[in-house]
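Hello,

My notes on it follow below.

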Amino acid sequence: MQGRTADVVVVGAGPAGSTAAWWLARAGLDVVVLEKAVFPREKVCGDGLTPRGVASLQAMGIDTSETAGWTRHRGLRVFGGGQVVEVDWPQLTRWPGYGLIRTRADLDQQLAGHAAAAGAQVHQDVTVTDPLLDDAGRVVGVQALAGPGKRPVTWHARLVVSAEGSSGRLAKSLGLERRTDQPLGVAVRQYVRTPRSADPWLDISFDLTDRGPDRASMPGYGWLFGMGDGTANLGFGFLDTRRTGPDDARTVYRRWVETLPPEWELEPVTPLRGAGLPTSLGRRPAYTRGLVLVGDTVGAINPFNGEGISYAMETARTAAEVVVAALAAPGPVAAEQLLRTYPDRLRAEYGGHHRLGAGFLALLARPDVVRFTTAHGLKRPALVRAALRLMGNLHDGRDGDAVDRAIAVLTRVLPAA
């Protein structure tokens with residue numbers, strides 16, 4: 001069995017893992033990234049980045065222009081209660097005023113390459129199987145199977161960052177299971193050809209109701225995100241499977257697609273695929289015994305809308321800041337104290353928003369409330385814009401306008417979810 005060493009081993013090269021690796025490598029640390037797949041690889045996702053995600057890309061010096069292969073979108077087109085309204089992304093000081101679209105196959109490969117350019121060693125086709133523990137039970141590396149021959153390899157590290165996604169194999173091995181009292185969503189999506197591919201709006205559909213004599217409300221929300229290349233990402237999501245009853249996401253997706261206008265000319269080009277949406281920091285603590293959790297592994301997805309890429313990159317940057325400080329600390333006691341601040345930082349940043357999201361999900365599970373709210377609320381553009389800022393966690397806080405200040409107060413006074 002081969003043995004190798006690094007300051008930090010990052011497991012997973014999705015947006016969370018590659019972002020963490022980039023910030024760590026930029027700080028001068030010896031970073032190894034272990035990715036089980038070989039790029040380019042597909043990932044089930046809506047492919048849309050809100051202004052929060054754009055800000056994270058720009059902070060890493062990534063060119064987000066259309067000439068660099070990105071497709072921009074200006075906001076949302078919301079369907080519900082017989083109403084349709086178009087809402088621009090808010091113009092704020094803290095966040096850009098636009099969002100982006102790119103397939104995860106392209107995005108993840110680009111981010112991994114960006115991390116490598118910063119000095120991180122990115123290894124593909126490496127399946128991490130177990131944490132490497134010292135006599136005290138602390139994680140001091142990982143065991144893996146590498147390459148087509150799946151040869152056993154061991155990496156020793158001062159710290160390990162788990163960006164494995166919702167599976168969280170390393171976290172589970174330490175007894176960190178997902179909390180079942182926190183929302184878990186599920187989404188399905190496929191790519192379709194459509195003349196709406198170049199539409200600058202992201203279509204979001206609430207109050208999904210069957211046609212015909214047996215009209216039945218379908219819980220959740222649907223989307224159509226134009227990719228700008230003749231195709232679109234078409235999907236459906238349950239944001240809280242605890243509240244949706246026996247409906248299967250694939251079944252509801254197909255029922256919903258049958259209600260869409262024929263002039264959209266939707267022609268499937270890929271199979272329908274699904275994935276879980278772990279929300280609300282549902283796996284805790286985010287740090288323990290030498291293992292740091294980021295992105296979907298820690299359950300960083302926004303419970304309001306299923307947005308995950310932005311929070312994957314944000315939690316990864318926060319984790320990198322803590323890890324850099326800890327590894328520079330004068331001794332193991334000081335280092336451990338710094339590392340234990342990481343879960344508190346996440347809860348301080350997102351906990352109140354997640355608590356609000358839990359209330360939103362309770363309302364979304366009631367079709368009568370959804371129909372009434374969308375039918376009346378979508379007639380009031382100012383209310384829709386405020387709701388978009390709340391759901392997307394897009395505001396300037398106490399430095400913003402009245403809506404921003406109200407959101408800031410709500411997210412600060414509410415206890416963390």
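**Two cis prolines**

Start with Pro-40, which sits in the loop between strand 2 (31-34) and strand 3. The model is predicted, and in it the peptide bond from Phe-39 to Pro-40 is cis, with omega near -5 degrees. There is another cis bond to check, from Arg-284 to Pro-285, also with omega near -5 degrees. Pro-285 lies in the loop between strand 19 (273-278) and strand 20 (287-288).

**Positive phi outside glycine**

Two residues deserve a look here. Glu-265 is not a glycine, yet its phi is positive, near 50 degrees. Glu-265 belongs to the loop between helix 5 (249-257) and strand 18 (267-268). Is Glu-265 buried or exposed? Its relative accessible area is 54%, and the cut-off for exposed is over 50%, so Glu-265 counts as exposed.

Arg-289 also has a positive phi, near 50 degrees. Arg-289 is in the loop between strand 20 and strand 21. With 33% relative accessibility, Arg-289 is partly exposed.

Three strands make it up, in the order 3-7-4, with antiparallel pairing. Strand 3 (48-49) and strand 4 (71-73) are the edges: each has a single partner strand, so one side of each has no neighbour in the sheet. Strand 3 pairs with strand 7 (residues 99-101) over 2 bridges. In that pairing, Leu-49 faces Leu-100 of strand 7.

Strand 9 (residues 126-133) runs antiparallel to strand 10 (residues 139-146), and 7 bridges join them. Val-128 is opposite Ala-144 of strand 10. The two strands form a hairpin with 5 residues between them. In its turn, Gly-137 has a positive phi of about 85 degrees.

Strand 10 is also antiparallel to strand 11 (residues 151-162), through 6 bridges. Leu-145 has Pro-152 in strand 11 as its bridge partner. This hairpin has 4 residues between the strands, and Gly-147 takes a positive phi near 75 degrees.

How does strand 11 pair with strand 21 (residues 291-293), in the parallel or antiparallel sense? The pairing is parallel, over 3 bridges. Val-161 stands opposite Val-292 of strand 21.

**The cores**

Nonpolar side chains tend to be buried together in soluble globular proteins. In this model, the largest nonpolar core has 75 residues. Val-9, Val-31, Leu-57, Val-142, Trp-155, Val-323 and Tyr-342 touch the most other members. Helix 6 (residues 309-327) gives the largest share of this core, with 11 residues.

Apart from neighbours within four places in sequence, Val-31 contacts Val-8, Val-10, Ala-21, Leu-24, Ala-25, Ala-120 and Gln-121.

**Helix 6 against helix 7**

The axes of helix 6 and helix 7 (residues 332-339) come within 8 Å and cross at roughly 170 degrees. Angles over 145 degrees count as roughly antiparallel, so that is how these two helices are related. Which residues of helix 6 and helix 7 meet? Val-322, Val-323, Ala-325 and Ala-326 in helix 6 meet Ala-335, Leu-338 and Leu-339 in helix 7. The contact consists of 7 nonpolar residues, with no polar and no charged ones.

Best wishes

Note on methods. Residues numbered from 1 in each chain as written. Predicted model: local features only at pLDDT ≥ 70, side-chain atom pairs only at ≥ 80, totals over all residues. Heavy atoms only, no water. Core = buried A, V, L, I, M, F, W, Y, C linked by side-chain atoms within 4.5 Å. Buried < 20%, exposed > 50% of the residue type's maximum accessible area, 1.4 Å probe, protein only. Contact = heavy atoms within 4.5 Å. Pairing = 2+ DSSP bridges. Axes fitted to C-alpha atoms, helices over the stretch in contact; angles between N-to-C directions. Parallel < 35°, antiparallel > 145°, perpendicular 65-115°, else oblique. Nonpolar A, V, L, I, M, F, W, Y, C, P; charged D, E, K, R; others polar.
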